[in-house]
Amino acid sequence: MSKTILCPYCSRTFQNSDAVYQCTNKELRSSGDEVCPSVPDQKLSDFWMEEGVPYKRFYRKPVFGLFGSTARAATCPNCGQASRRLCCPHCHNALPPEMVEEGSEIISIIGDRSSGKTVYFVSLIHQLRDEGYKLDIVDVNPQDISHDEKSRTSTIYEKMASDMFDNGVLPKQTRAVRPAPMIFRISTKKKGKKGGRDIYLVFYDTAGEIFRDVNRMEEVANYLMDSAGVILLVDPYTMPALRKTLVEAKILEEDYVKANPVVVFDKVREMLSRSGRKNLLNKPIAITFSKIDAVVHALEDTGSSYQVSGVDLEHDSSFKRTKVLNLSEIDQISEQLQSVAEQRWGAGQLNAAAVANFGAENVRLFAVSALGCTPTSDGSLPELQPYRVMDPLVWILHKMGGFNIPVKQ
C-alpha cells in the first residue's frame, strides 16, 4: 500500500513507492579503482551545499512487489550489485528502510537557535532511555543512515550526551551550514507480541535563526504541516514584554537575539492557501517555553512575581511518579502559561496563531528546563536537574493515540 513519507532532511513529502535506490558497492579493482565509480550527484550536492562531491550512484527501480509491503533489493544498473539503501527522491538522502516501508510518523522538534533546542533534545533522549519504560517504550534507537560518519545520529548525539551528562559541560553550538538532523526511532513493539508502534523523533537542527531566515521558513512550515506532532521550542527571553523587563533590570543584554515564532504560522497559512489544504486539525503542537528555571530566577531578581500553578521548579511532572498522564495538570499549566504570556510577556499572539491553524484542542503550552541549572561563564554545568522535559512528548503521544498511556482527567 502506498504511504506518504515526510523526509526528515528536506521536509518534502513523497509516496514510498517513489523512493530511489543508492548503490552500496564498495568493491575495488586490483588497480584501486571502484568497481562502481562514484559520480557527482546534483540533488545531494545541492542539499548539502557542496560542489562536485562524488557519491555512489542513484537509480530508480520498483520498491515493492505487486502485493508486497517489504522493500525489495534492487540491482544497480551499472555494476549489477543488489542494494536496499532507499533514499528520498527529492534530496537523495538515505532513509531508514522501516520508515519507507511502514510510513513516517514523525514528531518534529523545531525552534530558533536561542531556544536551547540542542540541549533539550539531548536531555529528552537521555530521559527516554532512562524512563521510557513508563511509556511502554522498549527501544530508543538512533537511525544511522547518513552519508558520512560525522553526520550520523549516534555520533552527534553520543558526543553531546557525553559532554552534558559525563563531563558536565554544554555541547558546542552548531556550526555547519546545513546540519544533519538527528533521528531516533521510538518503538513500543515487543518481540514475539502483536501490536506496538514506531514513531520517529526528529531534531530539526539549523545553524541560523530560522524565524528570521525567509529561505528556511518554508521548510519549517512543511514540518508543521506534515509531522504527526510538533514540539515548538520558544525562547521566552525573545517575548517582547519579558525581554523589556529584563533589559531594564540589566539582567539581559539589549542586543540579545530577537526572534518571532509567530511568523512560521503566517507561512503555514500562506502555504495551506496555496496548496488547497484546508486546515491542520488533529495534529498536536506543544508550544514549549524553554529555560523556565532561568526565567523564574531572573524575575525573582527583578522583584517581579512569577506565578504559574504547577510550574514551581520543585516538583517535576506527576507522570514520572505515577505513570499516569494527568490531563487536568497539563491543561492547568497551559492555561496559566497562556495568561502569563498574554499579560506579562507580550506573547498572546503566539498561542492565538497556533490555535487558528491547529485548533484549540490540539495546542498546549508547556514550560521546561533542559538543564535545571545555570551554566557558569565557561559553560560548566554545576548540577543537571532537567525539569518537565518529557511533558510535551507524553502529551503528543497521548493525542496521537495507540501508546496505551494511562490517563487521569
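## Burial and the basis of the model

A residue is called buried when its relative accessible area is under 20%, exposed when that area is over 50%, and partly exposed in between, using a 1.4 Å probe and protein chains only. By this rule C7 counts as buried, because its relative accessibility is 0%.

The structure is a predicted model, in which local features need pLDDT of at least 70 and side-chain atom pairs count only at pLDDT 80 or more, while totals for chains, interfaces and linings use all residues. Residues are numbered from 1 along each chain as its sequence is written, and side-chain values use heavy atoms, with hydrogens and water left out.

## Cysteines

A disulfide is a covalent bond between the sulfur atoms of two cysteines. Here the term is applied to a pair of cysteine sulfur atoms within 2.5 Å. A search of the whole structure on this basis finds zero disulfides. C7 takes part in none, and the nearest cysteine sulfur to its own, that of C91, is 3.7 Å away. C91 is likewise in no disulfide, its nearest cysteine sulfur being that of C7. C91 is buried, with a relative accessible area of 3%.

Helices (H or I, at least four residues) and strands (E, at least two) are DSSP runs, numbered from the N terminus. Helix 3 covers residues 117–131, which makes 15 residues. From its first C-alpha to its last it reaches 20 Å, close to the 21 Å expected at 1.5 Å a residue; the expected span is 1.5 Å times one less than the number of residues. The helix is mostly covered, with twelve of its 15 residues buried. Among them are Y120, F121, L124, L128 and E131.

A nonpolar core is a set of buried Ala, Val, Leu, Ile, Met, Phe, Trp, Tyr and Cys residues joined through side-chain atoms within 4.5 Å. In soluble globular proteins, nonpolar side chains tend to be buried together. The largest nonpolar core in this model has 129 residues, and those with the most contacts inside it are L128, L201, F265, Y306 and W345. Helix 3 gives the most to this core, with seven residues. L201 touches several residues beyond four places away in sequence, including F121, L124, I125 and L128, as well as I107 and I109; a contact means heavy atoms within 4.5 Å.

Strand 10 spans residues 106–111, and six of its six residues are buried, so the strand is largely enclosed by the rest of the structure. Both of its faces are covered: I106, S108 and I110 lie on one side, and I107, I109 and G111 on the other.

Strands of a sheet pair through backbone hydrogen bonds, either parallel or antiparallel. Two strands are taken to pair if DSSP finds at least two bridges between them. Strand 10 pairs in the parallel sense with strand 13 (residues 198–203) over four bridges, and the partner of I106 in strand 13 is Y200. Strand 10 also runs parallel to strand 14 (residues 229–234), to which five bridges join it. In strand 14, L233 is the bridge partner of G111.

Three strands form an open sheet in the order 6-3-9, with antiparallel pairing. Strand 6 (58–59) and strand 9 (86–87) are the edge strands, each pairing on one side only. Strand 3 (residues 20–22) is joined to strand 6 by two bridges, and Q22 stands opposite F58 in strand 6.

## Salt bridges

A salt bridge is a side-chain nitrogen of Lys or Arg within 4 Å of a carboxyl oxygen of Asp or Glu. The structure holds 16 salt bridges. In one of these, R84 pairs with E101, the closest N and O atoms being 2.9 Å apart. R84 lies in the loop between strand 8 (82–83) and strand 9, and E101 in helix 2 (residues 97–102), 17 residues apart. R84 is partly exposed, with a relative accessible area of 39%, whereas E101 is buried at 14%.

E98 forms a salt bridge with R185, with the closest N and O atoms 3.5 Å apart. This pair links helix 2, which holds E98, to strand 12 (residues 182–187), which holds R185; the two residues are 87 residues apart. Another salt bridge joins the side chains of E158 and R129 at 3.2 Å, N to O. E158 lies in helix 4 (residues 153–166) and R129 in helix 3, so the pair ties together parts that are 29 residues apart in sequence. A network of salt bridges links E131, K134, D316 and K320.
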